[in-house]
Amino acid sequence: MILNFTLLLFLTHKLSVQIFGDYSFIQGYIVGFLTFTDLGTNLIIIRELSLKHHSSQWVLDRALFLKLLISWPTFAIAIVSILLLDYNATTTLGLLCYSLILLFSPFDVIINWFISELKDRSVAWTNSASLAISFVATLLILNWGGDLVWLVLVLVGQLLIRYGLMYLAFRRQGMHLGFAVDLPYTWGLIRKSIPLALAYLLTSFAASSVLVLLSKVGGSTEVAYYSAGSRFNVIILFMPQALAVAVFPVMVNYYKDTTNKDRLALNQLYNKLRHYLILAAVLLGVTATVFAVPLISFVFGSKYSAGAPVLQVIIWYVALTYVITPGGLLLTACNKQNLNAACQVSGAIILLFCSFVLIPKFAAVGLAVAYIIAGSVSLLMQEWLIYRNLNIRIFSESVRLVLLIGIFVAFCWLISTWPLFLALGLVVAFYFAAMLLLGLIDKNDRNWLLSRIRLLLKRPKAVPPIADLQ
């Protein structure tokens with residue numbers, strides 16, 4: 001995460017706004033197709049590995065065949081779509097080079113195995129090592145005056161190094177990557193993945209479409225401003241995604257055991273995970289909204305100051321994602337991935353509709369607002385489905401969260417131009433006020449907090465002089 005942030009500093013200060021916009025567009029466009037190579041199969045494979053712990057090699061061999069069936073046609077579709085786009089030669093070549101990462105997505109089954117075995121540390125160190133090598137290579141290319149295509153090739157090399165190191169760690173665990181054609185089992189995995197596959201297809205199509213629309217309306221400069229405002233999302237979203245994926249196998253095993261004690265433990269695990277993620281989400285949202293201008297200026301430089309309004313809006317979509325992520329994993333762990341897919345589809349449809357309305361008028365800020373509207377609809381629908389199908393009563397808390405976000409966005413936007421010391425005091429006050437309104441601070445914490453406040457406000461009594469005892 002620190003290396004990602006540092007690399008972002010170098011890229012934004014070394015590259016022009018237009019080249020950074022093209023660099024961000026290439027990544028965003030191909031990542032949309034990378035979603036096609038998943039199609040919900042990763043979560044289903046993790047669930048299968050968790051349920052069939054003693055026959056994980058058998059599952060892996062068949063999962064690799066399924067991933068190959070998905071990734072290679074996706075690569076072909078990506079190549080055709082790139083050639084049909086009307087972009088300059090450098091951008092087109094960069095897109096073609098970066099699309100090579102689609103060919104290596106089947107090796108995600110190795111990551112799925114590590115996650116199902118709760119060996120997330122192996123995944124973390126391989127990611128860090130590959131990113132460190134990529135970081136050094138990028139700095140060398142920037143110093144040598146390398147162009148956009150060389151920077152994209154470094155990204156492809158980073159992924160190859162990551163999978164290579166992960167395969168070595170995989171082999172050290174006594175496992176091997178085989179290949180088995182088992183059509184009945186493969187079809188069974190596909191049937192379980194169909195709802196999420198349709199949702200992922202529509203979501204990736206919506207994300208790529210709105211990015212293309214933004215590039216056509218505002219050009220590379222507007223894409224660069226949007227990327228500057230939303231680049232913090234990649235760093236900030238690492239925590240809930242890593243935490244949620246780490247507990248997904250535990251959710252699966254709790255749901256597998258049908259005793260009331262295990263079901264109660266599942267509910268408690270989900271509520272606690274969601275509780276702490278909301279605490280972090282609101283704090284990040286308020287802080288980033290108030291300090292958007294100095295953050296953008298410090299990280300990207302004054303030439304990206306137009307991205308500050310994007311950060312002030314898109315950060316609240318991140319706050320919504322903090323809450324949506326564990327809910328989607330809970331539904332999938334409970335074999336209700338069709339409900340998870342319905343929430344994603346509704347969000348993607350709203351995103352497309354709102355983007356085509358807002359982007360022509362407000363450009364990058366309009367796209368950020370469209371994401372917030374889509375995330376709010378998806379969250380409310382998800383919480384209602386969780387309550388109706390799993391009998392977990394959290395819907396009212398989510399309604400309060402969405403309403404509170406709307407109030408915070410408006411208020412923090414107004415105070416963002418105030419002096420920093422005054423804005424910081426308001427951030428602290430509003431944070432605790434939000435926690436009280438959402439009911440996330442229990443009675444004991446509330447009493448302790450109020451007692452500290454009263455102690456600070458209470459004037460000390462005068463100390464009487466010591467009596468003369470002589």
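Predicted model: local features only at pLDDT ≥ 70, side-chain atom pairs only at ≥ 80, totals over all residues.
Among contacts in the protein with a separation of 6 or more, 83% join residues 24 or more positions apart.

View 1. Of its 470 residues, 52% are buried. The protein exposes about 22300 Å², and carbon and sulfur atoms supply 68% of that area.

**View 2. Helix H2 packs on helix H8 at an angle of about 35°.** Here we have residues 17-36 (H2) against residues 148-172 (H8), with the two axes 11 Å apart. The crossing of H2 past H8 is right-handed. So who meets whom? On the H2 side it's Ile19, Asp22, Tyr23, Ile26 and Gln27, while H8 brings Leu148, Leu151, Val152 and Leu155. Sorted by type, the residues of this contact come out as seven nonpolar, one polar and one charged.

**View 3. Helix H2 also packs on helix H4, with the axes crossing at roughly 150°.** H4 covers residues 56-84, and its axis comes within 9 Å of the H2 axis. Angles over 145 degrees count as roughly antiparallel, so that label applies to H2 and H4. As H2 passes H4, the crossing is right-handed. From H2, the contact takes in Tyr29, Ile30, Phe33 and Phe36; from H4, look for Ile70, Thr74, Ile77, Ala78, Ser81 and Ile82. That set splits into eight nonpolar and two polar residues, with no charged ones.

**View 4. Asparagine 340 sits in helix H14.** The helix runs over residues 337-390. Is asparagine 340 buried or exposed? Its relative accessible area is 5%, and anything under 20% counts as buried, so asparagine 340 is buried. And which residues does asparagine 340 touch, not counting residues up to four places away in sequence? Look for Leu196, Gly328, Leu331 and Thr332.

How values were computed. Residues numbered from 1 in each chain as written. Heavy atoms only, no water. Buried < 20%, exposed > 50% of the residue type's maximum accessible area, 1.4 Å probe, protein only. Contact = heavy atoms within 4.5 Å. Areas by Shrake-Rupley, 256 points an atom, 1.4 Å probe, with all protein chains shown as cover. Axes fitted to C-alpha atoms, helices over the stretch in contact; angles between N-to-C directions. Helix = DSSP H or I, 4+ residues; strand = E, 2+ residues; numbered from the N terminus. Left-handed = near helix turned anticlockwise from the far one by under 90°. Nonpolar A, V, L, I, M, F, W, Y, C, P; charged D, E, K, R; others polar. Parallel < 35°, antiparallel > 145°, perpendicular 65-115°, else oblique.
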